[in-house]
Amino acid sequence: MKKLLALALAGAMLLSLAACGGGESSGTASGAASGGTAAEAPAEGEATDTLHVILPRDPGTLENGKIDDQWYYQSLTQIYEPLFRLDSDGNLINWLAESHEFEDDTHLVLHLRDVKFSDGTQMTAEDVLWSLKRNQDETLPSISQIMDVDFEQSEVIDEKTVRLVTTKAAPTLPYRLAYPGLGVTSKAAYDASGGDWLGGAVVGTGPYKLVEYVAGDRLELTANENYWREGEPYMKNLQLRFILDDTTRSTESRAMGADIIVAPNQRELESIDAVDGVHVDQVLSSNTVYLMLNSKQAPLDNPTVREAVTYAVNIPQTVQLVYGDFGSPGSGMVAPGILGYDETMFESHFGHGYDPEKAKELLAEAGYPDGITLEILVETGDTARNEMAEAFQAQMAPAGITLNITQLENVVLYDRVNNSQDYYMSLYGLTCSDFEADSMLNQLLPGSSSIKYTNFDDPTFLELIEESGSVMDRTEREAAYKEALNYLAEANVMIPVWHKALACAVKDNVEGFEMSRAFEEHEFRDVKVN
């Protein structure tokens, strides 16, 4: 029986539900077990000890926390694990941390499980504190989740206990520590290998360990015999193949070329679900895709020009054109169900609708009566975002805005934005990974990589972010989030375009697979193929 799940975006959607494509590199990496050729997907009815999965992106590196990207974590979460996890309803689950308690508003004590790394060595409190601090020392994207941790004051109490000290009240810190980029790695393995993230340093506590990584092709993993959860993983081997093009992934889905295929083309879900032996699963995520405007790049440094852009695009029409009923058009600054969501916010700031003549008036008022030329950066191979960019290009033309589209590989696009050189706008998703708005807002603080997409460092806005995340009372914290988000909306630097949905094509003989709504770091330790 088909299992195509209907999306429900009304009412209390995602009750209590409270960065995007890895680049490629050349070369091959192997772990302790020597690699070989890629395992072929088994013929129908043939027994296998390998779970075959197709992912949309190559992680580009096996260094945990290196890239703020959902596709990236779909690979690395199989190797590294965080201190906590969140279930599909946003509830906190103790993971590598067996328990925890707040001594006060700024002191969180973590009690660790008795866990070994995949190389058989003991995970210690030193490994945990070092893994977290490395994000700060190397300015990794995951730092946005722990920017309030004072590592000078934080300490190892004993081999299985860590005390984290924060610079302000941090009620959501345990939820943020569930971020997959904060997975624990072995300090000893890192030191011994000289930081070889394609080999000796790739040692985590996860269900699988490295066999071979062929950049641009596949990642071969095998079961971690030291895994702390008895009886897991169910499948001895895990092969992750990387196929960038979503139409090709759809073709593979209909041909049942793998057990699980992540993110086939959203326009082909119905035809895939109609194939005997395979079904499509869908869930809502906590991610929103925004049209990001660089507030430091002329002419977008002029607030009136940014306002003109909001009149020059038709969000509902664009989303319907590209996604149909998959997900939903932006209706708030964060997704429905996230703590801080306000269903009136989009209508208040962007509900004026498509009005190219009004956009022209605003451009003339800003000193551009003859119009302007802008550029939007879009990731190569992302069909949906390229189609959105093309729709915006057509919509902006009557408003006097010439929009040039530049396609770049993910890593190149990230570097261009990060350097802020001739960067005007892009389409980029931010995830409320702890099911509250602070997870998105923290990514807009100085020191976080995502701030470069807007460069909106308005002092009042930054103060509102800092204050909202430190409110201990949940109801008061929600009101503080809404104040910060409303201020952000007024600035017109982030136009919410699409509240993201997720889809996977799954063979009917696959059991135990559940998509992650939080980080999209789908786990495969519980999956079995009958």
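Reader: Which strands are included in what covers the buried residues of helix 12?
Author: The cover includes strand 15 (372–379) and strand 16 (401–408). Contact means heavy atoms within 4.5 Å, and buried means under 20% relative accessible area with a 1.4 Å probe, protein chains only. Helices (H or I, at least four residues) and strands (E, at least two) are DSSP runs, numbered from the N terminus. This is a predicted model in which local features need pLDDT of at least 70 and side-chain atom pairs count only at pLDDT 80 or more, while totals for chains, interfaces and linings use all residues. Residues are numbered from 1 along each chain as its sequence is written, and side-chain values use heavy atoms, without hydrogens or water.

Reader: Which residues of helix 12 are buried?
Author: In helix 12 (residues 410–419), they are Asn-410, Leu-413 and Val-417. They lie on the same side of helix 12, because their arc around the axis is only 65°; the arc is taken from the directions from the helix axis to the C-beta atoms.

Reader: What follows helix 12?
Author: Ser-420 does, with a positive phi near 55°.

Reader: Turning to the sheet, what is the strand order?
Author: The order is 5-6-8-7, in an open, antiparallel sheet of four strands; pairing requires at least two DSSP bridges. Strand 5 (97–104) and strand 7 (155–158) are at the edges with a single partner strand each, so one side of each has no neighbour in the sheet.

Reader: How many bridges join strand 7 and strand 8?
Author: Three bridges join strand 7 to strand 8 (residues 161–165). Asp-158 has Thr-161 of strand 8 as its bridge partner.

Note on methods:
Buried < 20%, exposed > 50% of the residue type's maximum accessible area, 1.4 Å probe, protein only.
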